[in-house]
Amino acid sequence: MKFLHLVLFSHDAYYDEMYNITREYYRRFPNVKTVYYAMSSVIEGDTVLKGDILYCKGIEGYVPNILDKTITTFRYFENDIPNYDYVIRSNVSTIINFSMLIFEVVKKPSYDWSRNWTSVITSSCLCGLVTISMIIGKPFTLQFAMEAV
């Protein structure tokens with residue numbers, strides 16, 4: 001089971017500290033690729049990946065900047081997304097207990113996590129390919145299995 005974990009982030013004293021704490025924690029999970037994403041007005045091009053931070057062209061702000069950089073990040077990873085079982089979008093101030101999440105996902109493989117994610121953890125969302133396709137405006141080829149009831 002593979003997770004792509006996209007973490008909303010911006011540079012300031014508190015969030016930089018959260019970044020340092022969470023990045024060490026998330027590195028413990030070999031099946032989780034964590035990438036933080038933030039805005040930068042000084043990069044060339046639309047996006048630049050530096051280590052585990054994806055910089056999106058622009059200036060940090062709330063509306064519509066958070067949505068803009070999230071869409072840009074999904075578009076950046078659109079060719080990689082089908083290689084993952086789950087895509088999680090969280091905030092740098094949210095710490096996800098991946099051990100517990102993996103346990104729950106394995107325990108309930110047919111559960112619709114994308115609709116019930118808030119019951120597992122707040123301020124994060126678990127995105128399926130259909131949701132990401134709608135956000136970035138490009139369809140993915142979906143492969144799925146039906147489970148007999």
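Biologist: Buried means under 20% relative accessible area, exposed over 50% and partly exposed in between (1.4 Å probe, protein chains only). Is Tyr76 buried, partly exposed or exposed?

Modeller: Tyr76 is partly exposed, because its relative accessible area is 35%. This is a predicted model, in which local features need pLDDT of at least 70 and side-chain atom pairs count only at pLDDT 80 or more, while totals for chains, interfaces and linings use all residues. Residues are numbered from 1 along each chain as its sequence is written, and side-chain values use heavy atoms, with hydrogens and water left out.

Biologist: What does the pLDDT of the chain average?

Modeller: The average is 79, and 72% of the residues score at least 70; pLDDT is the predictor's confidence in each residue, from 0 to 100. Residues 116-124 fall below 50, yet this stretch has 22 contacts in the model beyond near neighbours in sequence, a contact being heavy atoms within 4.5 Å. Residues 141-149 are also below 50, with four such contacts.

Biologist: And the overall fold: how many helices and strands?

Modeller: There are five helices and six strands. These are DSSP runs numbered from the N terminus: helices are H or I with at least four residues, strands E with at least two. Along the sequence their order is β-α-β-β-β-α-β-α-α-β-α.

Biologist: What share of the 149 residues is buried?

Modeller: Buried residues account for 42% of the chain. Of the contacts with a separation of 6 or more, 64% are between residues 24 or more positions apart.

Biologist: Turning to the rings, how many aromatic pairs are there?

Modeller: The whole structure contains 10 aromatic pairs. Rings of Phe, Tyr and Trp (its six-membered ring) pair if their centres lie within 6.5 Å; planes under 30 degrees apart are stacked, over 60 edge-to-face and the rest tilted. Tyr19 and Tyr36 form an edge-to-face pair, at 4.8 Å centre to centre and 80° between the planes. This pair joins distant parts of the chain, with Tyr19 in helix 1 (residues 13-26) and Tyr36 in strand 2 (residues 32-40), 17 residues apart.

Biologist: Why does Tyr36 count as buried?

Modeller: Tyr36 is buried because its relative accessible area is 1%. Tyr76 and Phe77 are edge-to-face because their ring centres are 5.0 Å apart and their planes at 75°. Phe77 has a relative accessible area of 2%, so Phe77 is buried.

Biologist: Which residues form the aromatic cluster?

Modeller: One cluster is made up of Phe3, Tyr25, Tyr26, Phe29, Tyr86 and Phe98. Phe3 is also 9.3 Å from Ile81, C-alpha to C-alpha, although 78 residues separate them in sequence. Ile81 sits in the loop between helix 2 (65-76) and strand 5, and counts as buried because its relative accessibility is 0%.

Biologist: Which residues of helix 2 are buried?

Modeller: Asn65, Lys69, Thr70, Ile71, Thr73 and Phe74 are buried in helix 2.

Biologist: A last topic: where is Ser90?

Modeller: Ser90 lies in strand 5 (residues 86-91). Its relative accessibility is 0%, so Ser90 is buried.

Biologist: What joins the side chains of Ser90 and His5?

Modeller: A polar contact of 2.7 Å joins them. Such a contact is a pair of N or O atoms within 3.5 Å; within protein, one must be able to donate a hydrogen and the other to accept it, and residues adjacent in sequence count only if both atoms are side-chain atoms.
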